Amino acid sequence: MEVPSMSRPQWSDLVTGKKTYQLKFLAAKILLGRLVHSVKENPTPDNIKSCVELVYNVYAKNAGSPSVQEDLTTIFG
């Protein structure tokens with residue numbers, strides 16, 4: 001599975017904490033903990049977009065990892 005576009009609403013749901021998942025990719029889990037906190041402190045569209053870019057880039061850079069593929073399937077179906 002390719003990494004879905006940053007424009008997909010699931011990315012925003014992920015960084016805002018609207019949706020939570022049992023993720024397998026440790027780097028993303030750690031990053032998301034920080035990003036969700038950041039968005040709660042500053043829920044502006046610019047901050048949400050910035051956080052989406054950060055988590056998207058982590059998944060894109062590690063797209064070949066089995067745990068990343070599992071996470072993408074979990075999040076995007």
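1. Helix 2 and helix 3 lie roughly antiparallel to each other, since their axes cross at roughly 180° and angles over 145 degrees count as roughly antiparallel. The two axes come within 10 Å. The model is a predicted one, and the points below should be read accordingly.

2. The contact between these two helices draws on Ala27, Ala28, Leu31, Leu32, Leu35, Ser38 and Val39 from helix 2. Helix 3 supplies Asn47, Ile48, Cys51, Leu54, Val55, Val58 and Tyr59. By class, the contact of helix 2 with helix 3 holds 12 nonpolar residues, two polar and no charged.

3. The other pair to note is helix 1 with helix 4. Their axes are 10 Å apart and the packing angle is about 100°. Helix 1 and helix 4 are therefore roughly perpendicular to each other, as 65 to 115 degrees is the range for that class.

4. On the helix 1 side of this contact are Gln10, Trp11 and Leu14, which meet Leu72, Ile75 and Phe76 of helix 4. Five residues of the contact of helix 1 with helix 4 are nonpolar and one is polar, with no charged residues.

5. The largest nonpolar core has 21 residues, and the members that touch the most others are Trp11, Val15, Val55, Tyr59 and Leu72. Two or more residues come from each of helix 1 (9-16), helix 2 (26-41), helix 3 (45-61) and helix 4 (66-76). Helix 3 gives the largest share, six residues.

6. Tyr59 deserves a separate look. Leaving aside residues up to four places away in sequence, Tyr59 touches Val3, Trp11, Leu23, Phe25, Ala28, Val68, Asp71, Leu72 and Ile75. Among these partners, Trp11 and Leu72 are listed with Tyr59 as core members that touch the most others. Tyr59 also takes part in the contact of helix 3 with helix 2.

7. For the chain as a whole, the secondary structure comes to four helices and zero strands, in the order α-α-α-α from the N terminus. Of the 77 residues, 39% count as buried. Among contacts between residues at least 6 apart in sequence, 64% join residues at least 24 apart.

8. On overall dimensions, the C-alpha atoms fill a box of roughly 35 × 20 × 20 Å along the principal axes. The radius of gyration is 11 Å, which agrees with a compact globule, because a globule of 77 residues would have a value near 11 Å.

Note on methods:
Residues are numbered from 1 along each chain as its sequence is written. This is a predicted model: local features need pLDDT of at least 70, side-chain atom pairs count only at pLDDT 80 or more; totals for chains, interfaces and linings use all residues. Side-chain values use heavy atoms; hydrogens and water are left out. A nonpolar core is a set of buried Ala, Val, Leu, Ile, Met, Phe, Trp, Tyr and Cys residues joined through side-chain atoms within 4.5 Å. Buried means under 20% relative accessible area, exposed over 50%, partly exposed in between (1.4 Å probe, protein chains only). Contact means heavy atoms within 4.5 Å. Axes are lines fitted to C-alpha atoms, for helices over the stretch in contact, and angles run from 0 to 180 degrees between N-to-C directions. Angles under 35 degrees count as roughly parallel, over 145 as roughly antiparallel, 65 to 115 as roughly perpendicular and the rest as oblique. Ala, Val, Leu, Ile, Met, Phe, Trp, Tyr, Cys and Pro count as nonpolar, Asp, Glu, Lys and Arg as charged, and the others, Gly among them, as polar. The radius of gyration is taken over C-alpha atoms; the globule rule is 2.2 Å times the number of residues to the power 0.38.
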